[in-house]
Amino acid sequence: MATFQRKQLLTAALVLSAFSAPAFADIKIGFNVPLTGFAAADGKSALEGAKLAVAQANAKGGVAGQKVELVIYDDQASPKEAVPVATKLVEKDKVVGAVSGSYSGSTRAAAAIFQQGKVPYVVAYAIHPEITQTGDYMFRTAAMGEVQGRAGSMLVHNLGKKRVAVITLKNDFGQALAAGFKEGAAKFGLQIVNEYEYGMQDRQFGALVSKVKSDNPDIIYASGYFFTAGPLVSQLRAAGITAPIIGQEGYDSDKFIEIAGAAAEGTYLTTSLDRDSDAPATKTFMSEFRKATGVNADMVAAGTYTATSVLIEGLQKTGGKGGEALKNALAGGTFDTPIGKLAFNDLHEVKKDVQVQIVKDKAFHRHSVISGPLLSPPSKAK
């Protein structure tokens, strides 16, 4: 009798197990991100943003009753690494969609693989124009580089300045910003008194700083990431240069303020994240990110959270299906995000206001918002 009862219990357990087991595998979304190498600090922010978006989705039941799994690979912000990473995500992991939490060079390289595999690819903060031109499975939630550059020129105009020294980081990011800035400068009658370039590895700027000092500009437009901008701004100020400095989203990290120290005060930057926003999507994200990580969110974290959330919202609309169904859901959707309300145009770019932050009392705060036709992204018609 005891044996019979044990068999009954075992059978019941197996039946319960069968019913409780998931009917399908997890829904996999791919994520390429620089976790090692020069961009690892940005990669960490990007990963935390993506993980928060996935955790929140799963806490609400996932997608169509299935858990969302983030399949993560380190691309080292290197095109050479990004190609095999994207290939693995498409061919081995069979992801239904993917997010770039990486820089422009690696994202451009990965884009072709995802386009060929018909895997929708949502780009968080890589700004090179060729990314969305790769094909119709590409989407970008950030303002592209030229748009941000034009916003920088409008900020110079709004500040009542004319004579500008332009300092450009010699990579996709810096060159796209410079191109947009120069286009806007022509519209506003700004005078570019000199242009300088520097490399990703540069941290000592003595010769460049001396030349900028002799130029005596009204204002400086200098592209860079926090790890290059921190030393650059610090050395400009140490040389006695008092002209306002405009940076961009690459400065948008508390680490910039840590590196530049007192020299960071008064620095402007054009970015996506408004720390002083009253928008519920922004306030909730800032609070939840702080709670999850113990640190303040930066633009990279907010942008990557946004890109991941947008992809998941698209999957909600398709019941977890990828391919053309997901592409169409993303293309036709509107999304309320921490970096604004977003919708994609026919080139899958977004038109959004550019936030101007200023460093004040060792923190980023709202200075102004730039909007208008100058910020319109390119479309297929143009």
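Trainee: At what angle do α8 and helix α9 pack?
Mentor: About 50°, with their axes 10 Å apart. Helix α9 covers residues 226–238, and α8 covers residues 206–215. This is a predicted model: local features need pLDDT of at least 70, side-chain atom pairs count only at pLDDT 80 or more, and totals for chains, interfaces and linings use all residues. Residues are numbered from 1 along each chain as its sequence is written, and side-chain values use heavy atoms, with hydrogens and water left out.

Trainee: How are the axes and helices defined?
Mentor: Axes are lines fitted to C-alpha atoms, for helices over the stretch in contact, and angles run from 0 to 180 degrees between N-to-C directions. Helices (H or I, at least four residues) and strands (E, at least two) are DSSP runs, numbered from the N terminus.

Trainee: What word describes α8 against α9?
Mentor: The angle makes α8 oblique to α9. Under 35 degrees counts as roughly parallel, over 145 as roughly antiparallel, 65 to 115 as roughly perpendicular, and the rest as oblique.

Trainee: Is that crossing left-handed or right-handed?
Mentor: The crossing of α8 and α9 is right-handed. A crossing is right-handed if the near helix is turned clockwise from the far one by less than a right angle, and left-handed if anticlockwise.

Trainee: Which residues make the contact?
Mentor: From α8, Gly206, Leu208, Val209 and Val212. From α9, Leu232, Gln235 and Leu236. Contact means heavy atoms within 4.5 Å.

Trainee: What else does Val212 touch?
Mentor: Not counting residues up to four places away in sequence, Val212 touches Ala165, Ile167, Tyr196, Pro217, Ile220, Leu236 and Ile241.

Trainee: Where does Ile220 lie?
Mentor: In strand β8. Ile220 has a relative accessible area of 0%, so this residue is buried. Buried means under 20% relative accessible area, exposed over 50%, partly exposed in between (1.4 Å probe, protein chains only).

Trainee: How far is Ile220 from Leu236?
Mentor: They are 16 residues apart in sequence and 10.0 Å apart in space, C-alpha to C-alpha. Ile220 and Leu236 are also in contact. Leaving aside neighbours within four places, other contacts of Ile220 include Ala243, Pro244 and Ile245.

Trainee: Which residues of β8 are buried on each side?
Mentor: Ile219 and Tyr221 are buried on one side, Ile220 and Ala222 on the other. Both faces of β8 are covered. In a regular strand the side chains alternate between the two faces of the sheet.

Trainee: What sheet is β8 in?
Mentor: An open sheet of seven strands, in the order β7-β6-β8-β9-β10-β13-β14, with mixed pairing. Two strands pair if DSSP finds at least two bridges between them. The edge strands are β7 (191–198) and β14 (363–370), each pairing on one side only. Neighbouring strands are turned by 25° against each other on average, direction ignored.

Trainee: How many bridges join β6 to β8?
Mentor: Four, and the two strands run parallel. Ile167 stands opposite Ala222 in β8. Two bridges join β8 to β9, which also run parallel. There, Tyr221 stands opposite Ile246.

Trainee: Which strands does α8 lie across?
Mentor: β6, β7 and β8, running at about 175° to β7.

Trainee: New topic. How many residues has the largest nonpolar core?
Mentor: 100 residues. Those with the most contacts inside it are Ile167, Val212, Ile220, Leu236, Phe256 and Phe285. Helix α12 (residues 299–318) gives the most to this core, with 10 residues. A second, separate core has 21 residues, including Ala110 and Tyr137. A nonpolar core is a set of buried Ala, Val, Leu, Ile, Met, Phe, Trp, Tyr and Cys residues joined through side-chain atoms within 4.5 Å.

Trainee: And how do α12 and helix α13 cross?
Mentor: At roughly 115°, with axes that come within 9 Å. The crossing is right-handed. Among the residues that meet are Val310 and Leu311 in α12, and Ala325 and Leu326 in α13.

Trainee: What about the sheet of five strands?
Mentor: That open sheet has the order β2-β1-β3-β4-β5, with parallel pairing. β2 (68–74) and β5 (138–140) are the edge strands. Four bridges join β1 to β3, and Ile29 stands opposite Gly97 in β3. Helix α3 (residues 79–92) lies across β1 and β2, at about 150° to β2.
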